[in-house]
Protein chains: 4
Amino acid sequence: MVIVMTPDATDEEVWAIVDQVESVGGSAFVSRGVSRTIIGLIGDVDLFETLNLSGRPGVARVTRISAKYKLVSREHRPEGRSTVVVGGVSIGPDTTTLVAGPCAVETPEQTLEAALMAKKAGATLLRGGAFKPRTSPYAFQGLGELGLRILADVRAETGLPVVTEVVAPHDVDMVAEYADMLQIGTRNMQNFGLLQAAGRAGKPVLLKRGMNSTIEEWLMAAEYIAQRGCLDIVLCERGIRTFETSTRNTLDVSAVPVVQRLSHLPVMIDPSHSGGRRDLVLPLSRAAIAVGADGVLVDVHPHPEEALCDGPQALVTEDLQELSQALDALGTLMGRRSMIEPWRHLRAS
Amino acid sequence: MVIVMTPDATDEEVWAIVDQVESVGGSAFVSRGVSRTIIGLIGDVDLFETLNLSGRPGVARVTRISAKYKLVSREHRPEGRSTVVVGGVSIGPDTTTLVAGPCAVETPEQTLEAALMAKKAGATLLRGGAFKPRTSPYAFQGLGELGLRILADVRAETGLPVVTEVVAPHDVDMVAEYADMLQIGTRNMQNFGLLQAAGRAGKPVLLKRGMNSTIEEWLMAAEYIAQRGCLDIVLCERGIRTFETSTRNTLDVSAVPVVQRLSHLPVMIDPSHSGGRRDLVLPLSRAAIAVGADGVLVDVHPHPEEALCDGPQALVTEDLQELSQALDALGTLMGRRSMIEPWRHLRAS
Amino acid sequence: MVIVMTPDATDEEVWAIVDQVESVGGSAFVSRGVSRTIIGLIGDVDLFETLNLSGRPGVARVTRISAKYKLVSREHRPEGRSTVVVGGVSIGPDTTTLVAGPCAVETPEQTLEAALMAKKAGATLLRGGAFKPRTSPYAFQGLGELGLRILADVRAETGLPVVTEVVAPHDVDMVAEYADMLQIGTRNMQNFGLLQAAGRAGKPVLLKRGMNSTIEEWLMAAEYIAQRGCLDIVLCERGIRTFETSTRNTLDVSAVPVVQRLSHLPVMIDPSHSGGRRDLVLPLSRAAIAVGADGVLVDVHPHPEEALCDGPQALVTEDLQELSQALDALGTLMGRRSMIEPWRHLRAS
Amino acid sequence: MVIVMTPDATDEEVWAIVDQVESVGGSAFVSRGVSRTIIGLIGDVDLFETLNLSGRPGVARVTRISAKYKLVSREHRPEGRSTVVVGGVSIGPDTTTLVAGPCAVETPEQTLEAALMAKKAGATLLRGGAFKPRTSPYAFQGLGELGLRILADVRAETGLPVVTEVVAPHDVDMVAEYADMLQIGTRNMQNFGLLQAAGRAGKPVLLKRGMNSTIEEWLMAAEYIAQRGCLDIVLCERGIRTFETSTRNTLDVSAVPVVQRLSHLPVMIDPSHSGGRRDLVLPLSRAAIAVGADGVLVDVHPHPEEALCDGPQALVTEDLQELSQALDALGTLMGRRSMIEPWRHLRAS
């Protein structure tokens, strides 16, 4: 059961609902969106119906639902697809967002250099990993909090808000102090404790699809985050595991329109990790925008041959120019705002 | 070992090479392309080297190779990607080709109606199945030769060349009499006898990827066709089998740029069969062109609710208009000739 | 709709049914089993019901069914699981059958040597390929009819009935002249023309599972064979394609009990092709018998290092002794007849 | 680089090595096994070689290796496969271990009843989940610490040591207080923080294979645990995700012999979760023992129709008798100690 509050509902009204639900043995999870608050109830629906919740102050709508996911479903945002705002930058149906940066933060110099490359190419958000989940315990695991400080310094210098991965529930608060958006990686898509912690952190979340997860499981993972109070979730398709070996994973572009029918959340694509090859990043990015994605997330590195992580897929300066032009042309063809125009405008004035 | 003949090599010069190779116990397969003839040799390469083939009349180049596929590989067409011409219609790097028609030929009326829909939307080739490989022996298996005659009649009426599937080696000659292009379906991609028969039939071949086949196996299947004398092969990605169940198969768009690095053959995409859902055909078609495919192959049906085969994925008239505009806009953005301009030009004159 | 005839139904009675069905526009397929004849009807079931078929002479039972497969389903053999007899050798619920031989027939000597190895180890059927479907057109494709003649000679010498693959419909009659059982390989499981030709050939058929096929598709492929008159079908699981790369394919042992719930047909396992590694053949063979399979099919080669096809998975003499003992011990534990006892008995008398 | 200490090496000798390695900028992880201590080094191998570690007191052997996993590899336990002891119960090459219990701990009564069923059937370890990672946030998530207390009570009553899942790093110490063995579930196989926490907890660990993980990734996950000091790891294959839908997952029995070639760790099979169907548990359990697994892990429930989690796959009393007899017969055939004899012996005395 889901309760949508009116836009001007007060905190007291929200907590009054929660108290009532808990008084009959139910649980209530409060999700605060930009424009309104939603309360998801867990427990005996028939009992809840005896509470006459729809007549309570601050309540706009009460819905009894059976869908497996509720808060992230399309039905529960009748006004259409969501826009998530990260440090002032929009991700949603009107924009083509380029998030770029190094796979791993290695040094202040490398991170700054990569961020400047990214910015010059039209990226409006900086990505970079300080905590790296690696298959091998003998591989580079990231710089940890030192990496987060580097990212914050580079943000100060470039103005680019930071998207960075968190891999353990007890790190969430620390990462949230530095980051503008928390990333949940593919291997943690069903790390439910981490999802819940991220949902409580008060920052937007980028949720990558598990490389072995169905679309339904992915939306259910988003629901875990939403249930803990965060509706500012951006989904990111990054390839699934199949028998094909010429690419690292198989990018499932169909997931974008499928998700958009089921959920109001924005969806991006990561063409770098799905293909694992630099030469595929540009064509897959074009496919991403053409299929309807709200943006792409790419690895860049000033010196890919020296990268400590995933060098073979990182773009270099020349690639980025071409990528940027392609994204802008395709995005405007799809009816989105130009990535370039506002900048031109600024330069002109 | 592969021998590329000069453009003006005579038949006698070609057969002289074949005789020599066979005289030392080897086999030679002659492949005649639009502009030149290639001979693929099988047997003891060291022995072949003693024949001094590169000095023979009509020989342009002799290459000793170790790639698993030769005739279809990129290296063996240094002048770049191929264009295949089907009944006067080009499929290749300069064009965006729309092939459309009913999944199965059911009646003359339904086929003509579908062909007119397709033509109006800018399709330049008509697809339609007279032989349908079906999972169940109790499902509609196609009209057979009667279906081929219907296709020929509809071609006469509309001017659209015909692409149609062949499912058994002994049907190849009959189908080739009616068809402008032979289609090998996903379930027959490793039906090697059928590949060889199709390669000898003197018609261009559309080779769909096996739903469980790697890209390497797909190119090897194309090599079977090429080895029997046909280089006019168009590859078609139509989705692979994965764990995801929200789409019938998972469209592997990455396959397009991967194949284009490895082979000179044109590559198309079939968004209808991969998704199995009408609402996905348009976004997946856009992704197809944006990723670099040379065209798309879609199911259309005047009355999908009555279709004997795959009705849920067939486009109707309104969809087709939108598809056609999207393909044209994206194709021109990708540097291809407009699908619409030539017709306008014709109408104007 | 399926009609089961009485055990003593005459040919005239069978054809009278067929005529009646055809007279109302239906199709009837006659399947002759060891003990009774079944007729499968395709067409308008309601119309068939007006024919009062159950009252006709020779008819034991008429069933209106909706299952996707009929003739091969468990329901249509209420007396239990089938036993298929190949050249006097039983494959079914009472026996543990070892089919062994070289992957490819190369020379008379190699084939005889392999057959003697197989026989000594308790194999009662000889396998060996004369037609080899190979991914690459440049790989050894088998000896063709010469290979079949070698197999026939080796059968004459050893007394082992022959199981051999057929890859094209037009070869079926020739192969059936030499073979005791026709094998349909994994790449041809949905080569429907081949299935139908094999079903008409009058010989038992070994149907391997497609490496990408679901169990339902597999049973549907068996139905194609059954519908053309052959119920003497043995299914063979040989591994499916997954993301795991340490084995060639992933042996799906669960398929055995799943199939046995759905179908009356015997099921074997091929541990050689699924694993692709000699060291896995013994443990996977044990798993096969323990999970309930009716036997195993293994590659043997007197000199695997010289094999033209799949050498790395072929067993040698010492392996075979151990395999044979393991199969016998496990088979008897599962309540099957000993593989060894009858031979001992023969030797004693 | 890996350093194997002598059996009588002192703690001081171990820490002296660690200090030396850290003094040159490396990291050293100490793993204490039953009979000896191993130190895994990370960092510049060439630098380490200058330390002359092999000459240090307490050092038995120094190996410079390139395998991706070290501590869990077969090469690093030349004396053969390991036996892991859990609360006095052995899991290893000499025994057939049956671990049974309810999927989820629901009530004290249900848990005790299930434990008594399990014990009667020859199970020597009790499994049961107090923390349940569930795809849906609206599904039953387990009783948490209350469930752990129930398990401890049931252990006191039945004498069966307890295996239970832990899903978050911060719960590890609490779970380790109650449990005899920590289970890492399939969705957490690459939750690296959890692996590391479990490795430090001082309890044996049961590591389930990720449903999408390769065998190499699985061993690498085990290496994460080993690197933090725990070599008492038991691997558990529980099915991988494939295209087949008639079973929940596809049990990869080949993984058992493949792992046993690569690693010294014991390997078990969970036939309940892989098949997801009660009727498959017995045949898959037989296949498990026959392929060489060291035991099986099954769900039992006194009243499966009321189970809060995975009821359809839970065994009931009659199934368990048959399972127990089959495991014992197959295990002894494989050369393992009988599961039943010791108990008979105890009853007799």
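Predicted model: local features only at pLDDT ≥ 70, side-chain atom pairs only at ≥ 80, totals over all residues.
A residue counts as buried when its relative accessible area is under 20%.

**Where chains A and B meet**

Let's begin at the interface. Here 35 residues of chain B are in contact with 35 residues of chain A, and the buried area between them is about 2,700 Å², with carbon and sulfur atoms giving 70%. Four salt bridges cross this interface, along with eight residue pairs in polar contact (both at pLDDT 80 or more). On the chain B side, α8, α10 and α11 each give two or more residues, and α10(B) gives the most, with eight. By class, that side has 18 nonpolar, nine polar and eight charged residues.

**Salt bridges to look at**

Over all chains, the count comes to 47 salt bridges. A few of them are listed here.

| Pair | Closest N to O distance |
|---|---|
| Arg209(B) and Glu244(A) | 2.7 Å |
| Arg209(B) and Asp252(B) | 2.9 Å |

Arg209(B) and Asp252(B) are both buried, and they sit in loops 43 residues apart.

In chain C, Asp294(C) lies in the loop between α10 and β14 and Arg81(C) in the loop between β4 and β5, so their pair ties together parts that are 213 residues apart in sequence. Both of these residues are buried.

Lys208(C), in strand β11, and Asp270(C), in the loop between β13 and α9, are 62 residues apart. Lys208(C) has a relative accessible area of 4%, so it is buried, and Asp270(C) is buried at 1%.

Notes. Residues numbered from 1 in each chain as written. Chains lettered and ligands numbered in written order. Heavy atoms only, no water. Contact = heavy atoms within 4.5 Å. Buried area = accessible area lost by both parts, 1.4 Å probe. Salt bridge = Lys/Arg side-chain N within 4 Å of Asp/Glu carboxyl O. Polar contact = N/O pair within 3.5 Å; in protein donor to acceptor, adjacent residues only side chain to side chain. Helix = DSSP H or I, 4+ residues; strand = E, 2+ residues; numbered from the N terminus. Nonpolar A, V, L, I, M, F, W, Y, C, P; charged D, E, K, R; others polar. Buried < 20%, exposed > 50% of the residue type's maximum accessible area, 1.4 Å probe, protein only.
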